[in-house]
Amino acid sequence: MALAPVAWLWAGLGRASTGAWLAKTVRRELVRLRSFVGDGEGVAERRLAERLKRRLDRQRTPVQDLAAWLIRRGLPQNNGCWSHLCDDGIRIDSGGTCPSCDCLIGDRRGLRQIVATEVGAQHPHVAAGEWRGVYEEALRARFDYQSAMDAVRRERTAERQVAFYVAVEEQKAQLAEEKVGRAARPCEDCGRAEAAGLCPVCSLRRSTKALVDQAVDIAVALRADVDDPQSVATLTAQVGQDTWAFVRGAVASDGADDPVCRAFAEKDLAQKVLHQRRQRALERLRESGPAEMEAAHVRRMTLHGMFPTDRNRERAEEAAAKARERVAQDLLREFLGDLARARAAAVPRERPPAWSERCSDLAARPLDEDTVALCAGTGSA
């Protein structure tokens, strides 16, 4: 389908190796076209066939060497403008007229009009026979100037592109060097060499500690008196000790010898403990007074103005269950927030030093005459 316009010339290739090589070149161009138009419905083949037909229609002389014609004139994309989708002024993706080429043609027409206006203003008394030469000379000068500016612009763009690629390569080298340096760092916790700052066992242990801390906070938040910092600290220590004993004891009973497997098992068990405690806490909070009050209110508002059918009662119970769950979630977040604030308030803070202590050299310095006079004037006023 793609080579249909030149199918009648294919028999003149001669050797089979030439046809195979040329077919491979055509397939490469089809692959490139599919990157623009996609793989479906043979669009790439149709676009290539349209291109070959256009090139054959513009060919003034018969094609003597099909291979050379395809490589040089038939297959290459001919961009009429700056768009990478332009091919002989036609869009590759849509098959319509290229708007970028229309814009470029409009710019050139506008430039000719500007030059004609300038020539008319600068040479108002030039003869009709000489005006054409003056206009073409001015237009050629303007085109030469724009071509020179475009060349400078392209050169600067190429320089920026080269500098960009150099910077990218330098950054890649720097990142590779940093990666090697990070890989050579010992573990921060156990000191194991070449652990990239944290070995797998210690990384799992940190994750396990975070999960255990969250599980402990849920248990303490529902049982502790946040107004008593001592009881909060005592209960936190007791619950944490019990939780760690359960996690480590259950994993130790499995008999896992590999440290990584043991650390992974501890993390998995800590995650399960956290999930269970959260579910139990939410279950208790769903049965609390605020949750029951909100559920009753939502149930009543849902049934308001409705017939007491089984379907309506079912909808009211579903809305009440959602309200109860929402209140339980809010209460759990509130209890955890109160616990965090109580712990933060229990942390002793150093008293900020007085101004005379922070600026002892300024406090001991006598005031100058202008400052004394200003202070005296302010006091008398």
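**What covers H8**

I began with the cover over helix H8: its buried residues are covered by elements that include helix H7 (200–223), H9 and H11. A reminder to myself that this is a predicted model.

Next I listed the buried residues of H8, and they are Val232, Leu235, Val239, Gly240, Thr243, Trp244, Val247 and Val251. I noted that residues three or four places apart in an α-helix point the same way, because there are 3.6 residues a turn.

I then checked the length of H8. The helix has 25 residues and spans 36 Å from first C-alpha to last, close to the 36 Å expected at 1.5 Å a residue.

**Threonine 243**

Is threonine 243 buried or exposed? I count threonine 243 as buried because its relative accessible area is 2%, under the 20% cut-off.

Which residues does threonine 243 touch, leaving aside neighbours within four places in sequence? I found contacts with Val212, Val216, Val273 and Arg277.

**H9 against H11**

Last, I looked at how two of the covering helices meet. H9 (residues 259–286) and H11 (residues 310–346) pack at about 115 degrees, with their axes 8 Å apart, and their crossing is right-handed. From H9, I wrote down Arg278, Ala281, Leu282, Leu285 and Arg286; from H11, the contact uses Arg324, Glu325, Ala328, Gln329, Leu331, Leu332 and Phe335. Sorting the residues of this contact gave me 7 nonpolar, 1 polar and 4 charged.

Note on methods: Residues are numbered from 1 along each chain as its sequence is written. This is a predicted model: local features need pLDDT of at least 70, side-chain atom pairs count only at pLDDT 80 or more; totals for chains, interfaces and linings use all residues. Side-chain values use heavy atoms; hydrogens and water are left out. Axes are lines fitted to C-alpha atoms, for helices over the stretch in contact, and angles run from 0 to 180 degrees between N-to-C directions. Helices (H or I, at least four residues) and strands (E, at least two) are DSSP runs, numbered from the N terminus. A crossing is left-handed if the near helix is turned anticlockwise from the far one by less than a right angle, and right-handed if clockwise. Contact means heavy atoms within 4.5 Å. Ala, Val, Leu, Ile, Met, Phe, Trp, Tyr, Cys and Pro count as nonpolar, Asp, Glu, Lys and Arg as charged, and the others, Gly among them, as polar. Buried means under 20% relative accessible area, exposed over 50%, partly exposed in between (1.4 Å probe, protein chains only). The expected span of a helix is 1.5 Å times one less than its number of residues.
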